Amino acid sequence: MTQDIWPARTAMLAVLGGAAGLAFHNLLPPGGKTIPEGTLALCNGLGVFALGFAYVWERSRPGLAIAFALAVGFIAWGTSHFAGGTAGLDDIATWRMVCAAIAIAIAAPLFQAWRDGAGAEPGNGPRIPYPIAHDRAWTNLVLWFASLAFLGISWLLAWLLAGLFDLIGIKILKTLLDARWFGFVFSGATLLGGTGLLRDQIRILSTLQRVLRFVLSALTPVLALGLALFLVALPFTGLAPLWAATRSTTPILLACIIGALVLANAIISDEPADEGRSRVMRLSAAVLGITMLPLGVIAALSTARRIMQHGLSPDRLWAVTFVAIACAYGLVYAIAVLRRSGWMARIRQGNLAMAVLLCAAALLLATPIIDFGALSTRSQLARLESGRISPEKFDWAALRFDFGAAGRQAVAALAKSASPAIASAALEAQKADNRWVLRRPDQLLNGTAELKANLRVLPAGTQIPPALLAAMARSGDCAGKQACVLLIEGERAILFLNLQYAPFQVIWQRGAGKEEWQQAERGFTATTPGAQAADRQEVLEGEVTIRTVRRRQIAIDGKPVDVIFE
């Protein structure tokens, strides 16, 4: 990539960024209020348009840069729009937005390579030179993180100067930095202006890119050895340990495949002249290329096992998608390596083809054309209606909160079912305002056991009312490896959480029916300056007491402030 210093681009990008920031200020409501329907989608589209233009704008053929920026901005707007505005993103909408981001990130270097490679040549059709696409992809990645670092440093410098002038009574800088509109304008102008400034220093970006690739290539033998030993050990350990950890098996294997893909390409580079020359490095890259496919097959088996046991869900369908992509990459790399001669050149060709296919697939998955929520809903309803799973063991929380609009519509329909058990459970799910109140009996049993293991009850020897224990288990508080203290005072109980870090309390109150407990209040507690945090072992095994402490506290207009002193 040639050096093209263009100061005017930096200035114009800063103006564009400032204008985008001002638009955000005017569009987004102040004070954390609910964002109106469609506003978030518009902001996402505008932001992606500005960033896309900043990354691809060159002196020549500016119309193409504008067209590309408009296209990716439209994709971002459309994905956000179909995600449902700001009503709260479920897993389906979140993954669609992730797919849109992946599609845009891949499309940028492909577009840049096509444009820089002179586009369509007579008789040859559209041409995307791999060296340019590969170099642009790495450069864009480095540019993104460098621009964010520039933005952060700029804010630190601004606050430093504001504090400096504030010392001599000049408060205009501090007033500006406190103003919401200035924060948006300053951030937009600095981010896009910094992007233009860094693009003028292509040699620096190239150096950073080479440093990053060198660091990654140095790690290649470590990952190659680790993955090879893992596969060698499998015949001796069998796959049973993997199936015992079915929730984590697929994500870990996919992470290993992504790591292998990135590190191998740090050695393969973008053209023969830049390939790794060390035999150890080349062998390590070849090992990574071969291990990707068996890891992908194991991940596919793990995902298939989960689907056979529990049916389809959006998360499992996304796992199927990512596993299929990983297996495709693994197949391309394994074939290239096993053919030996010229295997790095074949991988580069495969990378380009896979990039185009992945971009198209991610763009398709970002749209509502393929509805994983609807597919999952049909699968789970078939299991329920066929009797393969009882209404008591059915995951109503997932259907209500994870399957999108199709799941919510199914819950509404099941509430009118002829089966009393199904209708009752569906009606309860329809009324629920959070997933925790819909925990299944087996989940509640596990949650209760976990809660008991994490809980210290005061006064010592006090029995927890069963209804209170069930209510706390449904809330999900004091789960995992926490250590909590529960103080029972007649009709009221106070649960103290997160004692190791920032203490948090939940106040439970017994209802009028005497068999129901409801949360009356929850929030962080005031802490005494200098207080020592307790670890889990101390909370569960040490002597825990409640003491009455006299204190003095500052109050302003009669309202206490969390400033406690002796």
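**Notes on the predicted model**

1. Start with the sheet: five strands make it up, it is open, and the order runs β3-β4-β5-β6-β7 with mixed pairing. At the edges sit β3 (455-458) and β7 (517-524), each of which pairs on one side only. From one strand to the next, the twist averages 20 degrees. Keep in mind that this is a predicted model.

2. Inside that sheet, look at β4 (residues 484-489) and β5 (residues 492-497). They pair in the antiparallel sense, over five bridges.

3. Now the helix pair. α3 (residues 62-82) packs against α4 (residues 91-116) with the axes 10 Å apart and an angle of about 170 degrees. Angles over 145 degrees count as roughly antiparallel, so α3 is roughly antiparallel to α4.

4. What does each helix bring to that contact? From α3 come Leu64, Ala65, Phe68, Val72, Ile75, Thr79, Ser80 and Phe82. The α4 side includes Met97, Ile104, Phe111 and Trp114, along with Arg96 and Arg115. By class, the α3 and α4 contact has 13 nonpolar, two polar and two charged residues.

5. Zooming out, the protein chain has 20 helices and nine strands. Of its 566 residues, 42% are buried. Among contacts with a separation of 6 or more, 67% are between residues 24 or more positions apart.

6. Last, the surface: the accessible area of the protein chain is about 30,200 Å², and carbon and sulfur atoms account for 65% of that.

Note on methods. Residues numbered from 1 in each chain as written. Predicted model: local features only at pLDDT ≥ 70, side-chain atom pairs only at ≥ 80, totals over all residues. Heavy atoms only, no water. Helix = DSSP H or I, 4+ residues; strand = E, 2+ residues; numbered from the N terminus. Buried < 20%, exposed > 50% of the residue type's maximum accessible area, 1.4 Å probe, protein only. Contact = heavy atoms within 4.5 Å. Areas by Shrake-Rupley, 256 points an atom, 1.4 Å probe, with all protein chains shown as cover. Axes fitted to C-alpha atoms, helices over the stretch in contact; angles between N-to-C directions. Parallel < 35°, antiparallel > 145°, perpendicular 65-115°, else oblique. Nonpolar A, V, L, I, M, F, W, Y, C, P; charged D, E, K, R; others polar. Pairing = 2+ DSSP bridges.
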